[in-house]
Amino acid sequence: MKTRLQRTFEPALISSVIIGLALANIWHVITAKLSQPPGTVFVGITHYYEDYFYYLSQLTQGALGAWLTSNLYTTEPVPATLLWWPNLVLGKAAALTGLPPWTVYDAAVFTASVASLALLYFGARMLYPDRRALRIGTFLMATLTTCYYLIQRKPDGTLFLNPYQYFYNYTESLNRLGGVFHLILQNILSLGFILAAGSLLTRLTAAKGTRDTVLKKAAQTGLTAAVLAGINPLYIFVNGVSLGLTGFVQMLIRPSRRLFTRLILSTVVIGVFVALPALITVEAFNHPFYRYFRWWENQIIPTNIIIFLHSVGLPVLLIPLGIIPFLWNRSPLRILGIIWTLVPVILYFTPVPRLLEVPYFRLHQPPSYLFIGAVSAEGIYLVGRILTKLTRRQLTLPVFTILLLTYLAFQFPWIRQEVAARRTNYALASWLNYIPEDIYSGLMELKRYPRDRAVLAFNIVELVVPAVTGHTVYQGHHTLTPDYAGKIAIATKFFNAGMSPAEAQNFLTGNNIGYVLWRVRDGTPPIIESYPFLTKRFENSGIIIYILST
């Protein structure tokens, strides 16, 4: 009979790691909140500040009643779309609770982080339902593994950690969570699909269940895939290829007409669920604006194989030891997991992404670390078994525990560095976390005005306007505003009264701009005397709102 400590150790350890990592993932938000200056509104930036405000604008749209998202950072015609629908759902939650969009978003990031980590543990339980040491080891290695790093010395003699990194690498522990809600959600759905598909394949290969049971299991898998397809069709492509290859491998291992028939039937059922949302999402991404955006992302070339392997870190040393023990029982879930882990890596080093017009760096799937962690844990466990045979002593578990703790000890310095770096990164620890109350009050006034005309603002105010008010701005985002540099130059010329009255009025009407904002701290606006067609509608100590007279 298990003691109380034995019963509570695993739940307590896993819960502590989950909550600890989820808090670490938003620690920069928590510390920024604790440092909030008086007289400001805190907006809790979780990731790159420009994209954060873009996603907040989608929450605001949802809160205002929209069921499609629009790009509010350009006056050019970009059709409303279902893309980023999770942010619309969060916006509805904000409207129902009366909470600001940023509060709901931050809470969603934390909640999704907990769910993502919990699903990794659930996956570890599926892999090792009866082997606690490997189950715990898999979870810890899947969540805490980070990139390889060197300890080097600066010219002044101080030591620092120099990691092996490349653009958008998921080899860092906290980077696999991140601060973008819909990306965490797509990771949850993708891993959920793989676990469900693995369970389905296990049932099929064991010839368990009636046809109706198989159909029900396939429908559950298909439903998960359908939701994922509405967010990221690229993940569906990778998952579909992985599932197809695994089905082929299963036919080689256990050839039978019954298995073949049910594999085809399950594939059809899953395809029926996936087809429509995938087509809708792909069609939306095929708009010229988003194709240009993908082209821009595709200019980022892959790293080389040496840096890639170094960035993976210590699992590179353990995978050769653990891969055979991991696959020894030929479990469909384990085979699927390994194929799913390898497919994005193989594609990453081929021309396929460029041919498909998809960014290389978006192929990798963070939750595949469940299987990297499992194979690495098997590698450590094998060392213990070998020592047990050599010494004829029961050293498997003690050696496994010692090597696992040593492995984890190597990870913690860089995880600590990750947390510290987020607190000082200008893109995260931005003064934009704090909107002065008087400017916020002016923006809330603007929120009451009709949204049939766009807003012209300057000096970073334009970035905040869509997130707070739901209004469209003429310019405001480096990548989501077409010809951003050119539009900044035009806006600068306007605000410096460098246009004639006729030219300025034509500029506003030609871009359907009906509101002009001026930040009071920037001094007396030169546009007052130069543009008589502007009428002051609102003024406080932070901002002035002008409307275009008609």
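Trainee: Which residues form the nonpolar patch on the surface?

Mentor: Patches take residues with over 30% relative accessible area and no salt bridge, joining nonpolar side chains (Val, Leu, Ile, Met, Phe, Trp, Tyr) within 5 Å and like charges within 9 Å. Here they are Leu 223, Val 227, Phe 260, Ile 264, Val 268, Val 272 and Phe 273. Together they have about 610 Å² of accessible area (Shrake-Rupley method, 1.4 Å probe, only the protein chains shown counting as cover for residues). This is a predicted model: local features need pLDDT of at least 70, side-chain atom pairs 80 or more, while totals for chains, interfaces and linings use all residues. Numbering starts from 1 along each chain as its sequence is written, and side-chain values use heavy atoms, without hydrogens or water.

Trainee: Which helix gives the most to the nonpolar patch?

Mentor: α10 does, with five residues. Helices are DSSP runs (H or I, at least four residues), numbered from the N terminus. α8 (211-229) and α10 (257-285) each supply at least two patch residues. Leu 223 lies in α8.

Trainee: At what angle do helix α5 and helix α6 pack?

Mentor: Two packed helices are described by the angle between their axes and the distance between the axes. α5 (residues 101-127) and α6 (residues 132-144) pack at about 145°, with axes 9 Å apart. Axes are lines fitted to C-alpha atoms over the stretch in contact, and angles run from 0 to 180 degrees between N-to-C directions. Contact means heavy atoms within 4.5 Å. Leu 117 and Arg 125 of α5 are among the contact residues, as are Arg 135 and Phe 139 of α6.

Trainee: Which side chain meets Arg 125 in a salt bridge?

Mentor: A salt bridge puts a Lys or Arg side-chain nitrogen within 4 Å of an Asp or Glu carboxyl oxygen. Arg 125 meets Glu 10 (3.8 Å, N to O). Glu 10 sits in helix α1 (residues 4-25), 115 residues apart from Arg 125. The count comes to eight salt bridges.
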